[in-house]
Amino acid sequence: MSVRRVMGTEVEYGISVAGQPQANPMVASSQVVNAYATSTLKARRARWDFEEESPLRDARGFDMSRQVADPSQLTDEDLGLANVILTNGARLYVDHAHPEFSCPEVTNPLDAVRWDKAGEQVMLDASRAAARLPGNPQIHLYKNNTDNKGVSYGAHENYLMRRSTAFADIVKHLIPFFVSRQVFAGAGRVGIGQERPKHGFQISQRADFFEVEVGLETTLKRPIINTRDEPHADPEKYRRLHVILGDANLAEVSTYLKVGSTSLVLAMIEDGYITRDLSVDGPVSALRAVSHDPTLKTLITLKDGRKLTGVQLQMEYLDLAKKFVEERYGSDADYQTKNVLERWESVLDRLERDPMECATELDWVAKYKLLLGYRDRDGLEWDDPKLHLIDLQYADIRPEKGLYQRLVRSGRIERLLTDDLVEKAMHEPPTDTRAYFRGRCLEKYSENVAAASWDSVIFDLPGRESLQRVPTIDPLRGTKKHVGGLLDSSETAVDLFNRLTGS
């Protein structure tokens with residue numbers, strides 16, 4: 001294996017209503033999603049199909065009872081909130097109190113970055129569309145993870161893995177990796193702690209909100225390893241690793257390294273390649289300790305007695321990954337795999353030497369450098385409210401307001417993509433996963449698509465009394481190569497369905 005696998009991101013955006021601090025966030029989020037749907041979708045909107053979802057199935061071999069589950073875990077219930085399927089294969093919906101963009105399935109880290117950035121632009125257009133409606137106030141969206149009042153919201157990643165991989169091995173080898181991954185994947189945060197943050201700056205927005213090592217929950221008692229066993233694919237072949245501890249990244253290099261390095265570590269776990277025991281003593285406290293030290297000098301204790309910094313622990317994984325790729329592929333390794341390894345090594349070397357050398361690539365370093373500049377210029381202490389506002393403004397997705405956007409315009413943040421590629425991804429699906437079939441069906445036959453989900457498209461066809469489900473259980477079928485010609489030559493949904501089913 002390499003960095004290539006079926007993967008994707010899903011990001012909940014922070015939301016505020018101008019001049020209305022007590023505004024209902026669910027109402028505001030619904031306005032955003034509905035406004036985008038109304039402004040971009042000319043035909044009726046397909047509903048999301050919840051039938052195949054199983055959010056309470058646990059990878060440890062049991063199902064949680066619905067009676068004891070927190071309501072936030074019941075994601076298979078249609079609560080009547082805004083929920084739209086886009087022509088790029090993505091899902092735009094209201095997740096409790098936040099608008100969320102769930103990317104279409106992709107097969108490589110650079111595409112994960114591309115459709116994640118497309119999500120930012122969709123959200124920007126959605127907020128602008130909402131503001132144009134008569135009587136609506138301005139609604140502002142932020143790609144961040146906490147309101148600094150005790151509330152945290154998610155930026156999740158999903159990776160398909162071989163079902164045959166022992167879940168215990170996943171837990172053992174991923175926890176130390178996740179404890180230390182934040183050194184390049186953190187988004188940075190002013191404040192340390194949850195409900196009443198102490199003064200200071202830390203690497204990760206999410207680290208303080210995790211309480212246990214392993215568990216099914218996502219909004220309370222948050223675990224480093226989430227055990228939800230809901231593959232949205234053939235369960236005999238796949239498990240979906242649902243990663244909930246990551247930050248919402250704006251910097252493209254941060255996202256690229258986050259998903260690319262994780263995919264490589266998963267490949268090593270699947271192949272039983274990791275024989276070193278890198279287990280951390282007290283991983284929850286270690287996660288926070290690494291985050292609370294932007295100098296990156298804090299030592300965490302491994303269970304074998306060694307003491308390493310977060311960067312040094314990442315170097316252990318990098319060393320394994322380099323040997324793994326060399327042994328499996330040698331010079332035949334694909335470009336992105338080699339590029340992830342090179343960037344991973346370069347970033348870790350510079351972080352160990354001086355984190356500020358990564359200010360043009362990593363979110364937390366870029367933000368930290370900005371904040372230190374304001375502190376030096378204006379003589380500000382970490383408890384100054386102005387620094388919290390700068391933190392928030394970094395995550396503002398409006399190009400005229402966001403500080404990250406300003407860094408991009410001034411050439412102080414490295415990009416991996418062009419604006420044109422991102423704009424196309426707002427409307428077009430990836431061509432190498434089932435998202436292609438889903439997106440093209442929404443684009444071409446929207447009046448006849450009654451519902452859809454990750455693993456099905458449901459048609460309402462004239463002359464048929466019941467709805468017709470087309471399963472898409474294999475995420476690597478339904479690609480442009482498989483069905484592009486069929487979609488191009490089928491003028492109507494009836495034509496497509498008849499040709500798919502041989503009827």
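**Ground rules.** I number residues from 1 along each chain as its sequence is written, and I keep to heavy atoms for side-chain values, with hydrogens and water left out. Because the model is predicted, I take local features only at pLDDT of at least 70 and side-chain atom pairs only at pLDDT 80 or more, while totals for chains, interfaces and linings use all residues.

**Salt bridges.** I counted as a salt bridge any side-chain nitrogen of Lys or Arg within 4 Å of a carboxyl oxygen of Asp or Glu, and the structure holds 34 of them. For secondary structure I used DSSP runs numbered from the N terminus, with helices (H or I) of at least four residues and strands (E) of at least two. For burial I called a residue buried under 20% relative accessible area, exposed over 50% and partly exposed in between, using a 1.4 Å probe and protein chains only.

I looked up Glu157 and Arg181, whose side chains meet in a salt bridge at 2.9 Å, N to O. Glu157 sits in strand E10 (residues 155-162) and Arg181 in helix H3 (residues 167-185), so that the pair links distant parts of the chain, 24 residues apart. Glu157 is buried at a relative accessible area of 1%, and Arg181 is buried at 3%.

I then turned to Asp391 and Lys367, which form a salt bridge with their closest N and O atoms 2.7 Å apart. Asp391 belongs to helix H9 (residues 385-395) and Lys367 to helix H8 (residues 363-378), so the pair ties together parts that are 24 residues apart in sequence. Asp391 is buried, with a relative accessible area of 6%, and Lys367 is buried as well, at 3%.

The next pair, Arg276 and Asp319, meets at 2.5 Å, N to O. Arg276 lies in the loop between helix H4 (252-270) and helix H5 (283-291), and Asp319 in helix H6 (residues 310-328), so this bridge ties together parts that are 43 residues apart in sequence. Arg276 is partly exposed at 24%, and Asp319 is partly exposed at 27%. Both residues belong to one network of salt bridges with shared partners, which also includes Asp304, Arg306, Glu316 and Lys323.

I noted Asp95 in strand E7 (residues 91-95). Asp95 is buried yet has no salt bridge, the nearest side chain of opposite charge being Arg91 at 7.7 Å; here Lys and Arg count as positive and Asp and Glu as negative, with His and the chain ends not counted.

**Domains.** An automatic or database assignment gives domain 1 (7-424) and domain 2 (434-501), whose C-alpha centres lie 31 Å apart. I found 24 residues of domain 1 in contact (heavy atoms within 4.5 Å) with 26 residues of domain 2.

**Positive phi.** Most residues other than glycine have a negative phi. Leu296 has a phi near 65° and lies in the loop between H5 and strand E16 (299-301), where Leu296 is buried at 8%.
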